[in-house]
Amino acid sequence: MSRAWLVAGALALGVPAAAHAGSPIDAPPFTAAPADLLAAAPAAPAGDIALLLRDREVELEPDHDVTSLHYLAVVRTAAAAEQIAPDESYRPPEPAPVIRVRVIDPDGHATELDASAIRDAVDARDASGGTRRTLVHVPAVRPGSVIETLVTRTRPRTAHAGTGGDLPLDGTLPAATTR
(Lines give C-alpha, C1' and ligand atoms only; values in the text may rest on other atoms or scores of the structure.)
Protein backbone atom coordinates (compact mmCIF):
# COMPACT_ATOMS: atom_id res chain seq x y z
CA MET A 1 0.00 0.00 0.00
CA SER A 2 1.34 3.40 -0.89
CA ARG A 3 1.78 6.29 1.50
CA ALA A 4 1.09 9.69 -0.02
CA TRP A 5 3.03 12.57 1.50
CA LEU A 6 2.90 16.20 0.65
CA VAL A 7 6.57 17.10 0.60
CA ALA A 8 6.05 20.72 1.56
CA GLY A 9 3.23 22.17 3.66
CA ALA A 10 0.89 24.67 2.12
CA LEU A 11 2.56 28.07 2.20
CA ALA A 12 0.60 31.13 1.23
CA LEU A 13 3.10 33.62 -0.13
CA GLY A 14 1.26 36.90 -0.38
CA VAL A 15 -1.93 35.48 -1.87
CA PRO A 16 -5.18 37.09 -0.76
CA ALA A 17 -7.43 34.82 1.31
CA ALA A 18 -10.05 34.93 -1.44
CA ALA A 19 -7.63 33.13 -3.76
CA HIS A 20 -7.71 30.02 -1.56
CA ALA A 21 -11.34 29.35 -0.60
CA GLY A 22 -12.80 27.42 -3.55
CA SER A 23 -9.97 28.62 -5.76
CA PRO A 24 -9.23 26.92 -9.08
CA ILE A 25 -5.63 26.48 -7.93
CA ASP A 26 -6.95 23.97 -5.38
CA ALA A 27 -8.59 21.84 -8.09
CA PRO A 28 -6.88 18.64 -9.23
CA PRO A 29 -4.55 19.15 -12.22
CA PHE A 30 -6.27 19.90 -15.53
CA THR A 31 -9.78 20.09 -14.04
CA ALA A 32 -10.15 23.85 -13.44
CA ALA A 33 -12.02 25.78 -16.10
CA PRO A 34 -9.76 27.98 -18.25
CA ALA A 35 -11.76 31.11 -17.37
CA ASP A 36 -11.31 30.38 -13.65
CA LEU A 37 -7.53 30.05 -14.01
CA LEU A 38 -7.35 33.31 -15.98
CA ALA A 39 -9.38 35.02 -13.24
CA ALA A 40 -6.92 33.74 -10.60
CA ALA A 41 -3.85 34.92 -12.55
CA PRO A 42 -3.61 38.39 -10.93
CA ALA A 43 -2.78 36.71 -7.59
CA ALA A 44 0.61 35.57 -8.98
CA PRO A 45 3.66 37.52 -7.80
CA ALA A 46 5.04 40.33 -9.95
CA GLY A 47 7.33 39.51 -12.85
CA ASP A 48 7.39 38.76 -16.56
CA ILE A 49 6.50 35.19 -15.65
CA ALA A 50 5.45 34.04 -12.21
CA LEU A 51 4.04 30.94 -10.59
CA LEU A 52 0.50 31.01 -9.33
CA LEU A 53 1.05 27.49 -7.95
CA ARG A 54 3.98 25.14 -7.33
CA ASP A 55 2.72 21.85 -5.91
CA ARG A 56 4.81 18.74 -5.29
CA GLU A 57 3.39 15.43 -4.13
CA VAL A 58 5.41 12.28 -3.52
CA GLU A 59 3.98 8.78 -3.28
CA LEU A 60 6.36 6.35 -1.61
CA GLU A 61 6.29 2.69 -2.65
CA PRO A 62 8.58 -0.07 -1.37
CA ASP A 63 10.76 -0.08 -4.52
CA HIS A 64 10.08 3.31 -6.15
CA ASP A 65 8.76 6.83 -5.64
CA VAL A 66 6.25 8.67 -7.80
CA THR A 67 6.69 12.44 -7.78
CA SER A 68 4.06 14.73 -9.27
CA LEU A 69 4.94 18.38 -9.91
CA HIS A 70 2.01 20.67 -10.74
CA TYR A 71 2.64 24.24 -11.86
CA LEU A 72 0.42 27.14 -12.84
CA ALA A 73 2.48 29.88 -14.47
CA VAL A 74 1.31 33.30 -15.60
CA VAL A 75 3.09 34.79 -18.64
CA ARG A 76 2.90 38.58 -18.69
CA THR A 77 5.26 39.73 -21.48
CA ALA A 78 6.20 38.79 -25.04
CA ALA A 79 9.81 38.25 -23.94
CA ALA A 80 8.66 35.73 -21.33
CA ALA A 81 6.45 33.96 -23.88
CA GLU A 82 9.41 33.58 -26.24
CA GLN A 83 11.62 32.32 -23.42
CA ILE A 84 9.28 29.56 -22.28
CA ALA A 85 8.66 27.92 -25.65
CA PRO A 86 10.53 25.69 -26.25
CA ASP A 87 11.54 24.58 -22.76
CA GLU A 88 14.14 22.02 -21.81
CA SER A 89 15.34 20.21 -18.74
CA TYR A 90 18.17 17.87 -17.91
CA ARG A 91 17.76 14.79 -15.75
CA PRO A 92 19.45 11.59 -14.65
CA PRO A 93 19.19 8.51 -16.93
CA GLU A 94 16.02 7.10 -15.40
CA PRO A 95 12.58 6.53 -16.91
CA ALA A 96 11.38 9.61 -18.77
CA PRO A 97 8.79 11.69 -16.94
CA VAL A 98 5.21 11.87 -18.16
CA ILE A 99 4.64 15.51 -19.09
CA ARG A 100 1.30 17.17 -19.60
CA VAL A 101 0.95 20.85 -20.54
CA ARG A 102 -2.06 23.07 -21.13
CA VAL A 103 -1.77 26.67 -22.34
CA ILE A 104 -4.74 28.93 -21.75
CA ASP A 105 -4.55 32.05 -23.91
CA PRO A 106 -5.94 35.40 -22.70
CA ASP A 107 -9.17 34.74 -24.65
CA GLY A 108 -9.79 31.55 -22.62
CA HIS A 109 -8.94 29.02 -25.34
CA ALA A 110 -7.02 26.02 -24.04
CA THR A 111 -4.41 24.16 -26.08
CA GLU A 112 -2.94 20.92 -24.75
CA LEU A 113 0.56 19.77 -25.57
CA ASP A 114 0.71 17.06 -28.19
CA ALA A 115 2.83 14.19 -26.85
CA SER A 116 4.80 14.23 -30.12
CA ALA A 117 6.09 17.69 -29.13
CA ILE A 118 8.27 16.10 -26.42
CA ARG A 119 11.77 15.00 -27.39
CA ASP A 120 13.96 12.96 -25.09
CA ALA A 121 17.59 12.11 -25.84
CA VAL A 122 21.00 11.63 -24.31
CA ASP A 123 22.55 15.01 -23.53
CA ALA A 124 25.24 15.48 -26.18
CA ARG A 125 27.35 17.47 -23.70
CA ASP A 126 27.66 14.40 -21.42
CA ALA A 127 30.06 11.86 -22.99
CA SER A 128 29.18 9.24 -20.36
CA GLY A 129 25.51 9.25 -21.41
CA GLY A 130 24.53 9.80 -17.79
CA THR A 131 22.32 12.81 -18.44
CA ARG A 132 19.13 12.92 -20.49
CA ARG A 133 17.78 16.06 -22.18
CA THR A 134 14.03 16.58 -22.46
CA LEU A 135 12.85 19.25 -24.88
CA VAL A 136 9.22 20.37 -24.76
CA HIS A 137 7.69 22.62 -27.43
CA VAL A 138 5.05 24.48 -25.41
CA PRO A 139 2.11 25.43 -27.66
CA ALA A 140 0.56 28.86 -28.26
CA VAL A 141 2.18 30.92 -25.49
CA ARG A 142 1.60 34.67 -25.55
CA PRO A 143 1.35 37.49 -23.02
CA GLY A 144 -1.60 36.94 -20.70
CA SER A 145 -1.44 33.14 -21.00
CA VAL A 146 -1.64 30.74 -18.09
CA ILE A 147 0.45 27.59 -18.49
CA GLU A 148 -0.55 24.51 -16.52
CA THR A 149 2.08 21.78 -16.29
CA LEU A 150 2.01 18.36 -14.66
CA VAL A 151 5.21 16.31 -14.58
CA THR A 152 4.95 12.81 -13.15
CA ARG A 153 8.17 10.94 -12.56
CA THR A 154 8.69 7.39 -11.31
CA ARG A 155 12.11 6.71 -9.82
CA PRO A 156 13.57 3.51 -8.44
CA ARG A 157 14.61 3.96 -4.83
CA THR A 158 18.27 3.56 -5.82
CA ALA A 159 18.12 6.56 -8.19
CA HIS A 160 18.08 9.28 -5.54
CA ALA A 161 21.61 10.59 -5.65
CA GLY A 162 20.27 14.11 -6.13
CA THR A 163 17.22 16.15 -6.91
CA GLY A 164 18.12 16.96 -10.51
CA GLY A 165 15.74 16.82 -13.39
CA ASP A 166 12.99 19.18 -12.30
CA LEU A 167 11.77 21.57 -14.94
CA PRO A 168 13.31 25.04 -14.91
CA LEU A 169 10.19 26.48 -13.28
CA ASP A 170 10.85 24.45 -10.16
CA GLY A 171 12.30 26.72 -7.50
CA THR A 172 13.54 29.47 -9.79
CA LEU A 173 10.52 31.77 -9.72
CA PRO A 174 8.53 33.26 -6.86
CA ALA A 175 5.26 31.39 -6.36
CA ALA A 176 1.95 32.64 -5.02
CA THR A 177 1.32 29.21 -3.46
CA THR A 178 3.77 26.40 -2.78
CA ARG A 179 2.65 23.05 -1.41
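## Burial and surface

A residue is called buried when its relative accessible area is under 20%. In this predicted model, 44% of the 179 residues in the protein are buried. The exposed surface comes to about 9000 Å², with carbon and sulfur atoms supplying 58% of it.

## Fold

Two helices and eleven strands make up the secondary structure. Their order along the sequence is β-β-α-β-β-α-β-β-β-β-β-β-β. Of the contacts with a separation of 6 or more, 76% are between residues 24 or more positions apart.

## Salt bridges of strand β6

Four salt bridges are found in the whole structure. One of them pairs E112 with R100, at 3.3 Å from N to O. E112 belongs to strand β7 (residues 110-112) and R100 to strand β6 (residues 98-104), so this pair ties together parts twelve residues apart in sequence. E112 is partly exposed at 42% relative accessibility, and R100 is partly exposed at 36%.

R102 and E148 form another salt bridge, with the closest N and O atoms 2.6 Å apart. R102 lies in strand β6 and E148 in strand β10 (residues 146-156), so the bridge ties together parts 46 residues apart in sequence. R102 counts as buried because its relative accessibility is 7%; E148 is buried at 2%.

## Loop network

D105 and R142 form a salt bridge in which the closest N and O atoms are 4.0 Å apart. D105 sits in the loop between β6 and β7, and R142 in the loop between β9 and β10, 37 residues apart. D105 is buried, at 13% relative accessible area, whereas R142 is partly exposed at 35%. Salt bridges with shared partners join D105, D107 and R142 into one network.

Conventions. Residues are numbered from 1 along each chain as its sequence is written. This is a predicted model: local features need pLDDT of at least 70, side-chain atom pairs count only at pLDDT 80 or more; totals for chains, interfaces and linings use all residues. Side-chain values use heavy atoms; hydrogens and water are left out. Helices (H or I, at least four residues) and strands (E, at least two) are DSSP runs, numbered from the N terminus. Buried means under 20% relative accessible area, exposed over 50%, partly exposed in between (1.4 Å probe, protein chains only). Contact means heavy atoms within 4.5 Å. Accessible areas come from the Shrake-Rupley method with a 1.4 Å probe; for residues, only the protein chains shown count as cover. A salt bridge is a side-chain nitrogen of Lys or Arg within 4 Å of a carboxyl oxygen of Asp or Glu.
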